[in-house]
Amino acid sequence: MDKNKILKSNISYGIIWKGISLLFIYLTVPILLEYLGKEYYGVWITIFTLLNAAYFMDMGISLGVKNKLTEAIAKNDSVLAKTYISTAYFSISFIAIFMLFFGIIFVLSFEMQSIFNTNIAERELKIILLLSMLLVFISIVLNIYKSLLSSFQKSAKVELAMAIYQGFVFIQILMLPKIISNSLITVSLVYGITNIFIALIFTGLFFTRNKQLFPSYAYFKKDKIKEILGLGINFFIIQIALIIILTTDNLIITYLIGPEATTTYSIVNKIFQPFIIISTFIFAPLWTLYTNAYYNKDFKWIKNTLIRLNQLFIILIFALILLYFNFNWIIKFWIPQSLNYSNTLIALLSLFVLIKVYGDIYMTFLNGIGKIKLQMWLFIFGALINIPLSVLFVKYFNLGSSGVILATCISLGILVIAMPIQTFKVLKKAKKITQIV
């Protein structure tokens with residue numbers, strides 16, 4: 001397997017599909033903002049962010065099976081591969097039903113108006129949340145196709161699926177004002193149903209071409225759950241910590257400041273998202289390639305890849321400096337409505353991007369080879385301090401939404417020091433063992 005060729009192919013096609021996906025996202029935002037208004041948009045973004053966090057609540061099975069399936073493919077063991085796939089589908093289905101049950105109880109038991117700090121009718125909020133939860137938990141099961149494609153070194157197809165999804169969402173949001181006015185329920189249906197539709201298509205295409213791997217209850221093995229969760233449970237803990245660190249920002253801002261502040265924060269943050277997104281689809285194919293390279297003791301390729309990623313990181317620094325000095329012009333060109341934000345928020349979001357990307361350079365490698373215990377404990381520490389720091393900076397230091405992203409930067413800061421050190425130690429140890437053998 002030519003890893004460099006696969007990497008270039010996935011990144012090249014990934015750039016095309018991700019570019020199209022981003023285009024649709026940025027075309028959708030001003031239309032959706034105009035359609036819903038600042039308060040409704042802020043509430044929707046908070047709901048959307050929180051429910052998207054549910055995709056990380058599969059106890060790490062989708063990530064664990066990606067590693068195990070990659071190993072099974074490397075061994076050319078189709079029976080083992082089908083066993084992992086079947087076990088993953090049935091396990092996640094059970095988890096999704098379990099989470100939906102408790103989600104329904106939570107929504108029906110608490111007052112949503114207080115949580116979302118809004119005057120939107122309580123009944124409307126509950127209907128939106130219940131519908132969205134149902135659609136999201138169906139998607140959690142169907143979205144396993146992303147791990148399957150990544151294991152087969154087809155991560156660019158995941159980006160293609162997302163581009164098609166965003167395209168369909170854009171067309172529907174564009175048509176909404178002509179059909180119904182200011183309907184959060186309709187918006188939630190558009191996003192949820194479209195996601196399910198795309199997942200069904202790509203899942204069907206995968207199993208049409210790999211019929212021998214189609215999940216079957218006969219191949220569901222309880223002992224394989226433990227194998228998958230051997231890594232997966234650690235991934236799950238990391239995901240929970242990331243949810244607390246990264247996805248509670250909108251809820252904290254909504255609760256402490258208000259939905260309109262969430263709207264401003266979300267829109268400003270979206271200007272920085274392309275850097276995170278581009279880095280993500282560069283790292284996505286590397287995950288399983290690192291697994292394969294480490295399994296085959298190709299340490300030279302791993303080292304060269306890390307060097308190239310650090311070179312790209314230097315380019316990222318200059319790109320963010322350029323963005324900082326041109327930010328006002330860019331956002332006015334994109335969003336005609338006036339937004340109240342500070343230069344401090346822009347600077348801290350730039351810092352967040354640098355911390356996130358630099359940490360991911362090394363975490364992608366460590367995730368690929370299953371060395372994740374250290375980062376798990378560091379993420380737990382970050383999650384424990386994140387919300388208290390956010391409240392402290394917003395409520396007592398009057399930093400507004402800037403205080404929330406500052407807390408996030410502090411929570412993730414130690415990872416950018418620890419992850420490179422661990423990577424170098426792992427590679428040095430593996431190289432010595434190989435030389436002895």
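Student: Where do phenylalanine 98 and phenylalanine 102 lie, and how many residues apart are they?
Tutor: Both are in helix α3, four residues apart, about one turn of the helix. A helix here is a DSSP run of H or I with at least four residues (a strand is a run of E with at least two), numbered from the N terminus. In general, an α-helix has 3.6 residues a turn, so residues three or four places apart point the same way.

Student: Before we go on, what kind of model is this?
Tutor: It is a predicted model: local features need pLDDT of at least 70, side-chain atom pairs count only at pLDDT 80 or more, and totals for chains, interfaces and linings use all residues. Numbering starts from 1 along each chain as its sequence is written, and side-chain values use heavy atoms, with hydrogens and water left out.

Student: How many aromatic pairs does the structure hold, and why is the pair of phenylalanine 98 and phenylalanine 102 called tilted?
Tutor: There are 29 aromatic pairs in the structure. For phenylalanine 98 and phenylalanine 102, the ring centres are 4.8 Å apart and the planes stand at 55°. Rings of Phe, Tyr and Trp (its six-membered ring) pair if their centres lie within 6.5 Å; planes under 30 degrees apart count as stacked, over 60 as edge-to-face and the rest as tilted. The angle of 55° falls in that remaining range, so the pair is tilted.

Student: What makes phenylalanine 98 and phenylalanine 102 partly exposed?
Tutor: Buried means under 20% relative accessible area, exposed over 50%, and partly exposed in between (1.4 Å probe, protein chains only). Phenylalanine 98 has 45% and phenylalanine 102 has 44%, so both belong to the class in between.

Student: Why is the pair of phenylalanine 101 and phenylalanine 102 called edge-to-face?
Tutor: Its planes make an angle of 85°, with 5.3 Å from centre to centre. That angle is over 60, so the edge-to-face label applies.

Student: What makes threonine 83 count as buried?
Tutor: Its relative accessibility is 6%, which is under 20%, so it counts as buried. Threonine 83 also lies in helix α3, which covers residues 78–109. Leaving aside residues up to four places away in sequence, threonine 83 touches Tyr219, Lys221 and Lys224, where contact means heavy atoms within 4.5 Å.

Student: How do you know that threonine 408 is buried?
Tutor: At 1% relative accessibility, threonine 408 is under the 20% limit, so it is buried. It sits in helix α15 (residues 401–413), and its side chain reaches the backbone oxygen of valine 404 at 3.1 Å.

Student: What makes asparagine 398 exposed and asparagine 117 partly exposed?
Tutor: Asparagine 398 has a relative accessible area of 65%, which is over 50%, so it is exposed. Asparagine 117 has 35%, so it falls in the class in between. Asparagine 398 is in the loop between α14 (373–396) and α15, with a positive phi near 55°. Asparagine 117 is in the loop between α4 and α5, and its phi, near 50°, is positive too.

Student: How much space lies in the largest pocket?
Tutor: About 570 Å³. Of its 19 lining residues, the closest to its centre are Leu50, Leu51, Ala54, Phe106 and Met133. On a 1 Å grid over the protein atoms alone, a pocket is an open set of points with protein on both sides within 12 Å along at least five of seven lines, whereas a cavity is a set where a 1.4 Å probe fits but cannot get out; lining residues have an atom within 4 Å of a point. Points are joined across faces, edges and corners, and the volume is the space filled by probe spheres set on them.

Student: What classes of residue make up the lining of the largest pocket?
Tutor: It has 17 nonpolar, two polar and no charged residues. Ala, Val, Leu, Ile, Met, Phe, Trp, Tyr, Cys and Pro count as nonpolar, Asp, Glu, Lys and Arg as charged, and the others, Gly among them, as polar. Helix α3 supplies the largest share of this lining, four residues.

Methods: Polar contact = N/O pair within 3.5 Å; in protein donor to acceptor, adjacent residues only side chain to side chain.
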